[in-house]
Every structure is written in structure tokens, then in C-alpha cells.
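Below is a short briefing on the fold of one protein chain. It begins with the chain overall, then takes up sheets, cores and backbone details.

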Amino acid sequence: MSLKIRSTWKQVRQRLVRHPRATAALLLALVVGGGAGLAGLAPLPPVARPPLEVVFAEEPIVRVRLAEVPAGEELRLTLGTYWVTAGRESARLSMSRPWRWTGQDLEDGESRVFTLPLRVRRENSEPIPFDGHLYSGSLELVSRGRLLFVVNHVPMETYLEGVLEAEMGGRFHDAALSAQAVASRSYAANAIQTSRDAIFDVTNDQFSQVYRGLPRRRDRFQSAVGRTRGLVLAHGGKVLPGIFMSCCGGNTRPAGEAFGGPTPPPLAGTVCTFCAGANVATWKARCSARALASSLRLPSPPTEVLDLRQSESGRLIEVTLRVGANTKALTVKELRRAFGPLARSTWFTSLEFEGDTMVATGRGFGHGVGLCQHGTEAQARHHGRSPESILTHYFPGAVLASLWLPESP
Ligand SMILES: [Zn+2]
């Protein structure tokens, strides 16, 4: 038997609606601040303008790119009995051998050949084992040139459980996990609404948010997501990207300074004294002048630091070194590449030569924008702060809003 499914691909579009005014009062009741909790607030008077101008009709689906498979490779996918859908055609089939991507079609090792794109889900909505992890929802297999993209289509709240496990982990306080859940939901929602890629909204790595499917122990992550169900950070009627990093080192920095482009007021940077005790709050890195010269292709090893140019928030932009009888200006990116992963941020507090070794010290871990995870943990655990007051601290001026229309009980 030979089964060849061919179809035209229809882009899945999620239903977005303009916010009905009737729900404005309910949503405004969720405005951050005033010491109120996330639930049980008294409704405020109706207002003309809800926090979000456009909301989803229901819990949205996040499209997460899990892998790009080159031609000739097998997929590390286990399905058992599964449903495959291509366009309007569906079939219930059984997988007994690994699938192989030829660069044009998917071969199932027996007699079937699938033409992409197609969607697979397991029977009874069981999680799908792929590449050592379990994924809820469905997997979309789409080609672009000779690359096969594996994309997980997963409901937002289930996706967030996996993000919390990968980005924070179970050792963090409940209030810290809740604050992270709102930030991560905002990040993903903003990505869904602004993604320019036709096949995925976010990647599963640090270029978006790390996601490895369902957590092995779901309880605490499920609770943190459930306590904040549907809530995102909003500013100016739009979802604010809930950017975060491991440790700011003393102050967060403007988004535009780190990534270019405009800086929304809630991402302008703030003082954070809370992460000072974290073991990643400071760092020290060394690099031999000879290795520096070789990695940067300099004519001879540098011998002296002549000048440092810093941003307003204190991050290093450029350094000028003496190289022989000349000078050489290096961007902070080039410098960090030479130092390797021990230079954990662009916040250099000193840079000098000790003999023929260049020694740098610095503060923080990560890009320095938005929510500081170690500061969040300290605020929750040592200062008893609520998720709302933590979010207000790192995103001043943002409000909390529901991302989708109220659900019937
Ligand atoms: Zn901090």
C-alpha cells in the first residue's frame, strides 16, 4: 500500500478580537499596584479604554520551533498510534520505524511517503516523545528548502509550565515563579502578535525562552501558571514583551541600549539591590594577551588598556587597547568572545593587564533588560513581596491585563 498525502497549506490564524468595552471595568480591576492580590479585587468604575486594545478570543496556541532537521536524517520521534492531518485529510496510523527526511518527503521506513506540511498528534491527546522530551498538543512538520522544521503547537498555559521549569526551576519561591509566569506569558503573547515568521512564533532556546516540553514534575509550575492564568503585562494598549534575565548585578538597562530600537517606558531600566547576594552577581574572567591577539587576529599581543567607553547604564560599549606602537578599538562583543562564557555580561567593572594576562571583573549575568530572576527570588523569599509588586518594580508603568476574553465557569 502506498499512501501519499498532498495538500495545500493553510496558515493557522488565531482569532483576535477588539476588546469589548463591557469587560473594561473587570480588566482594569487587575491593574498592578495598590497592594491588591491577583484575585478577589473589588471592581473599579468602568473606563473607556481597557489595558489591551486587542485580545484573543480564547487561550492562544504558541508555535514553538523545536528543531531543524537536515536532509538525510532520521527524526527522533516516537508516535505509536497517531493521527496525521494534511490539509483536510486525516488518517489514523501506526508508527513502527523511525521517519526519515529526504529533503523532499518524509519516509516512514515501510511504504508510506508523506509530503509536507503535515500535523501529527498522538491518540487520546497523549504527550508526544520527541528528542528526549514530551510535548503536549501537536507537532507541525514543515519544510523550508531542504530543511525540515519541527514545530510544537501547544496551548499557552501548558507551554508556560515548560518555560518555568527550564528558565527558573523548582527551587524558586512560589511568588517568583508567578512573576516569571506573567513575564513569560507576555513575552510569548507579544511574539505571537509580532512574529514575522510564517511557521513559528518562538524558538525553544535562549533566543526566545528555553522550553523542553512538559516538566517532569508539573505541580509547582502548574500552580504558578494557574494562579496567573491569562495575565500579561500591558502598556499603551499593547502586550509588553516580558523580557527577563538571570541577574542584573545592580541595575537593569534600557531595552534599546541592549537590543537597539525604541525603549518602551516600562523597559527603561531600574535599580535592583535585591540580587546583590546571588552567586552570579559578580564575575571575573581571564584571557592571555597572546590568546586575545590570536582570537582577534591582532598583529601582536595587546599590552595596555587605554580607554573604556560605557553606556549610560554602565555597560561597556568599546575598549581601546595598545597593540605594539598602535591602538586597537574592540567592541564589547569581540571582547566577550575572547574571554569566553566566564564574562557573563557586558557590565565590566574593571579591565586591566596583570603581566601578560588580561583580567576583567564585572556584574550580572545576561543582557540586563527587564525582570531580574535572582532579584525576583530575593524579593519573594526575603522581603515577602507579591508577584504584582515584583512586576511593578521591574516593569514600572505596566499594568496587568487578561490576554483573552473571560472564560465561562
Ligand atoms: Zn537584579
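Among contacts (heavy atoms within 4.5 Å) in the chain between residues at least 6 apart in sequence, 69% join residues at least 24 apart. This is a predicted model, in which local features need pLDDT of at least 70 and side-chain atom pairs count only at pLDDT 80 or more, while totals for chains, interfaces and linings use all residues. Residues are numbered from 1 along each chain as its sequence is written, and side-chain values use heavy atoms, with hydrogens and water left out.

**Chain overall**

- The secondary structure comes to 9 helices and 26 strands, where helices (H or I, at least four residues) and strands (E, at least two) are DSSP runs numbered from the N terminus.
- Of the 409 residues in the chain, 50% are buried; buried means under 20% relative accessible area, exposed over 50%, and partly exposed in between (1.4 Å probe, protein chains only).
- The chain has an accessible surface of about 19,500 Å², and carbon and sulfur atoms hold 50% of that surface (Shrake-Rupley method with a 1.4 Å probe; for residues, only the protein chains shown count as cover).

- An open sheet of 7 strands has the order 6-5-10-13-14-4-15 with mixed pairing; two strands pair if DSSP finds at least two bridges between them.
- Its edge strands are strand 6 (89-94) and strand 15 (202-203), each of which pairs on one side only.
- Helix 2 (residues 156-167) packs on this sheet and touches strand 4 (61-69), strand 14 (147-155) and strand 15. The direction of helix 2 makes about 105° with that of strand 14 (axes are lines fitted to C-alpha atoms, for helices over the stretch in contact, and angles run from 0 to 180 degrees between N-to-C directions).
- Strand 10 (residues 118-122) and strand 13 (residues 138-144) run antiparallel and are joined by 3 bridges. Valine 120 stands opposite leucine 139 in strand 13.

- Another open sheet has 3 strands in the order 19-24-23, paired antiparallel.
- Strand 19 (282-288) and strand 23 (348-354) are at the edges with a single partner strand each, so one side of each has no neighbour in the sheet.
- From one strand to the next, the twist averages 15°.
- Strand 23 is joined to strand 24 (residues 357-363) by 6 bridges, and leucine 351 stands opposite alanine 360 in strand 24.
- Helix 7 (residues 332-339) packs on this sheet, touching strand 19, strand 23 and strand 24, and its direction makes about 60° with that of strand 23.

**Nonpolar cores**

- The largest nonpolar core has 90 residues, and Trp99 and Tyr159 have the most contacts inside it. Such a core is a set of buried Ala, Val, Leu, Ile, Met, Phe, Trp, Tyr and Cys residues joined through side-chain atoms within 4.5 Å.
- Helix 3 (residues 174-194) gives the largest share of this core, 12 residues.
- Apart from this core lies another of 23 residues, including Val323, Leu330, Ala338 and Met358.
- Leaving aside neighbours within four places in sequence, tyrosine 159 is in contact with Val62, Val64, Val154, Ala188, Val202, Gln209 and Tyr211.

**Backbone details**

- Most residues other than glycine have a negative phi, and most peptide bonds are trans.
- Leucine 116 and proline 117 are joined by a cis peptide bond, with omega about 0°; proline 117 lies in the loop between strand 9 (113-115) and strand 10.
- Asparagine 124 has a positive phi of about 60° and lies in the loop between strand 10 and strand 11 (128-130). Asparagine 124 is exposed, with a relative accessible area of 65%.
- Serine 125, in the loop between strand 10 and strand 11, has a positive phi near 55°. Serine 125 is exposed, at 59% relative accessible area.
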